[in-house]
Structure formats: structure tokens, C-alpha cells
Amino acid sequence: MSAEEEAPPVVELLDEEEKQDPERYLPKDVTPDPNKPKVILTIKDPGHVIKGCFPIYEGRVKIEVDGTEKEIVVGEWDERWEAGVRAMRKGEEGTITSEGESVHIKVTDIQNLPEPYEIEVEQKIAFANERRLQGNSFYAQKDFTNAIKKYESSLKYSDQKFGLGMQEQADLKACSEPTFTNLAAVYLHLQNYHLAITHLTAAIENNKSCTTALIRRAKAYIGTYDFELAECDLSQISDEVLASNENVAAQVAEVRESLKKARAQGEKQDKQTYSKMFK
């Protein structure tokens, strides 16, 4: 789990006699959020499957919920029940309880996604594009938590630089560029300007003439009061591009206006501050 991803609830693992199961563990890179409602997972007959927890990071899981078959996509279900399912093994069943609610679940199949190193570049691009489009859908619904998850999942496959030929690297860079800019758009909306700048810088490193990244990074720099850096990004968009692309020209004009207002506001605040200092 990345540092930006939302932490899951705390899961307490019990056997069917409600005793702690010392042979289980949760994913080592997951730090649960103690402020979220606690989830209790009570496993039925924990000895009938192979010991050792195989946590589900991403993919699809087929389950039976209170006797009804269901397929879930990890990251898109109720986080309380999902936190419990992530700690279960294939073929296992048990009861997940949280906030006075309980569901009986049996895990019938786990379909984890392959790791990037296990597949060819064409498959990496296919996985990355699919998840980027899913992220776009969540963004349109203003579901920013799941949009971030999908964009980060996309970058897991497309932001690859080592052990690849020049053309393969170029193909993956082209695939990752819109994902970096879209992920940054989420962080701009959330006013997390520093993370937006991080992802936009990555996009610009891939393509120095990416106008979308330059415009959005200028917006982010305005948010961090780095006005000179914002102006620098806008100045990198050539007159030729501005003359040939009305949409880009309109966006640049809008950001320049925002920059002008932000500077004026900053100067006004500075004058007020100094006037109070020297009364």
C-alpha cells in the first residue's frame, strides 16, 4: 500500500471459539487506522486449510455472502467487510462483525492481478489503460478515494523504467503520462498541492512539452504560493502551441489570471502584516 492510500480498519482475527489465532498475519505493509470502526473476523474451522495468510492486494474475489454468490473488486466494496476478506484464504468461511452488523462469508476464489515483472509490455499497457479508465470513471463520480487507487494501480504497471528496451520504455511513458496528470487532477481538487506537483513533475520528466502537466503544475504552484515557478511553467508553453490550440490558450489565460489575483492578494497581505509590525 502506498503512503497516499487510505488505511483500512483494524482487523481482529479470532477462531470459531473466539480465541486469537497466532498463526495469522495481515499484510506487513498495511498500517490499519485505529480511528475506524474495528472489524472482528471469526473463522470457522481454521484448521481445514493450509496455514499462512495470503493477503489480497488487488484483483477480484468470488465469495458467498450470507449464502448469496457475489464477485467483488478489491478496493470498491464496503471497507469493513473487505478488510475481513483480505485476511481470509481461499476455501475459508467465517463471520465478519463491525459496528453491530455481521455477515457470513465464504471465499470461493481469489484472482489476484499479476505482478508487472510477470507479464510482457503489451499486457502491462493493457492493464494500465484499463485501470486508468476505471479511475476516470470514479473521478467523474467524485469518488476520489477509488480514483486514486485505480490511478496508482495503473502506474504500478506503466511506470516501469528498468530492464526494458528504449521503445518499450517509450511506450510505457506514453501510457503513464495521462495517468500522472489525471492523478494530479484529483490532488488539485483535494487541494493537496504538493502531491499534485510530484505527479505532474513525473509526467513532465516523461514529456517536457506536456501542456496539460505544465498548466496543472502551474495551478499547483499557485496553491503553494510559488508564483515564480508557476510563471516559469506557463512560459514553457510555446507561442506556436498557444496560436494553434484555442483550448490550451484559454486554459493558460485562466491560470495567468489566477496567478495575477494570487499575487495581488499576497501583496495585500504582506502590506497588512508590515503595517502591524511598524505601528
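This is a predicted model: local features need pLDDT of at least 70, side-chain atom pairs count only at pLDDT 80 or more; totals for chains, interfaces and linings use all residues.
Author: Welcome! A cavity is a set of points where a 1.4 Å probe fits but cannot get out.

Reader: Which residues line the second largest cavity, and what makes a residue part of the lining?

Author: A lining residue has an atom within 4 Å of a cavity point. Here the lining consists of Ser158, Asp159, Gln160, Lys161, Gln169, Leu172, Lys173, Ser176 and Asn206. Helix α4 (residues 166–189) gives the most, with 4 residues.

Reader: How do the residues of that lining divide into nonpolar, polar and charged?

Author: The lining has 1 nonpolar, 5 polar and 3 charged residues. Leu counts as nonpolar, and Asp and Lys count as charged.

Reader: Which residues make the contact?

Author: From α6 come Leu214, Arg217, Ala218, Tyr221 and Ile222, while α7 brings Phe227, Leu229, Ala230, Asp233 and Leu234. Of these contact residues, 8 are nonpolar, 2 are charged and none is polar.

Reader: How do you know where confidence in the protein is lowest and where it is highest?

Author: pLDDT gives the predictor's confidence in each residue, from 0 to 100. Its mean is 80 for the protein, with 77% of the residues reaching 70 or more. Strand β1 (residues 11–15) has the lowest confidence, at a mean of 59, and α6 the highest, at 97. Over residues 16–23 the pLDDT is below 50, and beyond near neighbours in sequence this stretch has 13 contacts in the model.

Terms used:
Residues are numbered from 1 along each chain as its sequence is written. Side-chain values use heavy atoms; hydrogens and water are left out. Contact means heavy atoms within 4.5 Å. Helices (H or I, at least four residues) and strands (E, at least two) are DSSP runs, numbered from the N terminus. On a 1 Å grid over the protein atoms alone, a cavity is a set of points where a 1.4 Å probe fits but cannot get out, and a pocket is an open set with protein on both sides within 12 Å along at least five of seven lines; lining residues have an atom within 4 Å of a point.
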